Amino acid sequence: MRGLVAGAILLVAVVLAVFFSVRYGAVHLSTHDVLQSLLGEGGATESFIVLEHLLPRALLGVLVGGGLALAGAVFQALLRNPLAEPYILGISGGAAAGAVLALALGLTSAVSWLLPGAAFAGALLAIALVFGVAISADRRLDVRVLLLSGVVVGAFFSACIALILALAEAEMVRSAVLWMMGSLAGATWRSVGVVAAYTLPACLLLLALARALNLMSIGEETASYLGTEVETVKRLAYGVASMVAAAGVAFAGVIGFVGLVIPHGVRLVMGSDHRILLPLSFLAGGAFLTLADLLARVLLSPAEIPIGVVTAFVGVPFFLVLLRRSLRA
Amino acid sequence: MTFETRSLSVRYRPDAARALDEVSMHVPDGTLYAVLGPNGSGKSTLMRALLGTVKPEAGEARVGDRPVGQWKRRELARAVGAVSQRESTAFPISVRGLVEMGRYPHLGPLRSMTGEDRAAVDAALERCLIRDLADRPVGTLSGGEFQRTRIARALAQTPSALVLDEPTASLDIRHEMGILGLLRRSADEGVTVVLVTHHLNLAARFADRLLLLGEGRVAAEGTVAEVFRAPVLEKVYGWPLSVTRDPVSGSPMVTPLDDHSSRSRR
């Protein structure tokens, strides 16, 4: 019951976040312009800005923020580690290496989807490498090895990035660094479609694993005695959550913080039952990132602050207050 | 529910010695069956093999009418409740929350608990004397309270067999006797209980049959009188001891001798 109420509140928060993001995302639009455009009756220029720029950007924020928070919650349960986040297994390193390589080779101006494509390919390479190392001789997936190999593979890709950047021109270094700091500026309906195609089915699948994840967080042996097909659950959860993170990072760069702290925030308020934690993390992450993106655009307008800076500046104090409160309770 | 192993051998790594070596045993329906042996004698490995979480190198482990590998995990969890030696929770959870997990094998991935599920949880909390603790976070429990919570979770599975690995290891006398009494009653009600334990004397007092393991092999198997023979126990434990009769309960009792006195006796 509490879960349903919180879910309804967060759903409203997501809708409001999308609306605010569209309404205040471009300074010169009025509420009237925005509503007319959304209803398909606005002027050509306004409609183009709202429908082709602001709306996809807000929706991409919901999907990426939600996906990162969801993936973070799943990794924390799977690795039984509160420090886990979506990028911990080398996904961000792989994606960034792919993106930086594409930028360095000058491929990205030729074809618009090449940058996210390269980032996604890099992330997949990292996922495959880490999985390959962590699968033992008797076909078991060892989550401790998963964690270690993920961190090491991430470090390797960071070294690759450093090498490419050291040899690159200054202008390219700047665009690479900006990409790595994360941004929703490149949002199009196509990117929204691709991320949705990964994220939404993944949400349903992970939700079906929620009870199994509850059991996994008390240990694999006990989970198995309580009826969980542990190896299947580990592979599914790792694979699906990784793909969600990979899709997000491919289209929005490396946006930190959301995947680590949103699940913990929800956990502190609502407890650790993944049937509640997973959907609420998705909604909270979606609303949070969309609003953070809005702030990134308007705070120092016309300059745009990197979205990761905003997620940390807003999220850290909020999280610390929650943490403090939970300690006193 | 019965358990059986036939020449069961387990090896954890190809270059290591066998953790279990041709172990054959049979746990009859509705008995309290205690598995004894020194540290590293293969007790926990036997438990894992019976529950299908380690694969045999040779031989087989059977639960009921078929090899344990042919059970789906969920199906097995509805029939057998298990308490492993150690467990830790990664995130905060209440006592009731942990015990409710015992109902998971009876629920689908999304279906909520019914009145019947809640009744099973309440009955388990009651039987383990932790009803008053139901809303406490598991992290604040004493070792004994945590252990009783885990046993309650296994009871909440409403299983026809229980397998427990040293469930009373950290309990004081009162709670230890409480748990053993509870296991005894469960066996009398027809639930098969396999109990791995270090407490020889309590095993002698409460169990119907005993299995004594030494270095992964069966050193003795049978009734208490058949297994509690000083030469056998001394050899397995590598320590001098005497077997007498407990003056109060009347069951066989092992007293470890101190090394010096035994040497002077010889």
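Chain A has a radius of gyration of 20 Å, which agrees with the value near 20 Å that a compact globule of 329 residues would have. The radius is taken over C-alpha atoms, and the globule rule is 2.2 Å times the number of residues to the power 0.38. The model is predicted: local features need pLDDT of at least 70, side-chain atom pairs count only at pLDDT 80 or more, and totals for chains, interfaces and linings use all residues. Residues are numbered from 1 along each chain as its sequence is written, while chains are lettered from A and ligands numbered from 1 in the order in which they are written.

The C-alpha atoms of chain A fill a box of roughly 65 × 55 × 35 Å along the principal axes. The secondary structure of chain A comprises 14 helices and zero strands. Helices (H or I, at least four residues) and strands (E, at least two) are DSSP runs, numbered from the N terminus. Of the 329 residues of chain A, 51% count as buried. A residue is buried if 20 or more other C-beta atoms lie within 10 Å of its own, exposed if 12 or fewer, and partly exposed in between, with C-beta atoms placed from the backbone. Contacts in chain A between residues at least 6 apart in sequence were also examined; 76% of them join residues at least 24 apart. Two residues are in contact if their C-beta atoms, placed from the backbone, lie within 7 Å.

Of the 266 residues of chain B, 41% count as buried. Among contacts in chain B between residues at least 6 apart in sequence, 64% join residues at least 24 apart.

An open sheet of six strands in chain B has the order β6-β7-β8-β3-β9-β10, with mixed pairing. Two strands pair if DSSP finds at least two bridges between them. The edges are held by β6 (80–83) and β10 (217–222) of chain B; each has a single partner strand, so one side of each is left without a neighbour in the sheet. Neighbouring strands of this sheet are turned by 15 degrees against each other on average, direction ignored. Helix α5 (residues 143–156) of chain B packs on the sheet and touches β6 and β7 (161–165) of chain B. The direction of α5 makes about 170 degrees with that of β6(B). Axes are lines fitted to C-alpha atoms, for helices over the stretch in contact, and angles run from 0 to 180 degrees between N-to-C directions.

Strand β9 (residues 209–214) of chain B pairs with β10(B) in the antiparallel sense over five bridges. B:Leu212 stands opposite B:Ala220 in β10(B). B:Leu213 has B:Val218 as its bridge partner in β10(B). The two strands β9(B) and β10(B) form a hairpin with two residues between them, and B:Glu215 in the turn has a positive phi of about 50 degrees.

A further hairpin is formed by β11(B) and β12(B), with six residues between them. In its turn, B:Gly250 has a positive phi of about 85 degrees. Five bridges join β11 (residues 241–245) to β12 (residues 252–256) of chain B, and these strands run antiparallel. B:Ser242 has B:Thr255 in β12(B) as its bridge partner.

The largest nonpolar core has 186 residues, of which A:Val74, A:Ala246, B:Leu50 and B:Leu195 touch the most other members. Helix α3 (residues 44–78) of chain A gives the most to this core, with 19 residues. Such a core is a set of buried Ala, Val, Leu, Ile, Met, Phe, Trp, Tyr and Cys residues joined through C-beta atoms within 7 Å. Residues up to four places away in sequence aside, A:Ala246 touches A:Ile91, A:Ala95, A:Phe120, A:Ala123, A:Leu124 and A:Ile127.

The contact between the chains takes 18 residues from chain A and 20 residues from chain B. On the side of chain A that touches chain B, α9 (210–216) and α10 (220–225) of chain A each supply at least two residues. Helix α10(A) gives the most to that side, with four residues. A:Glu220 lies in helix α10 of chain A. A:Glu220 counts as buried because it has 20 C-beta neighbours inside 10 Å.
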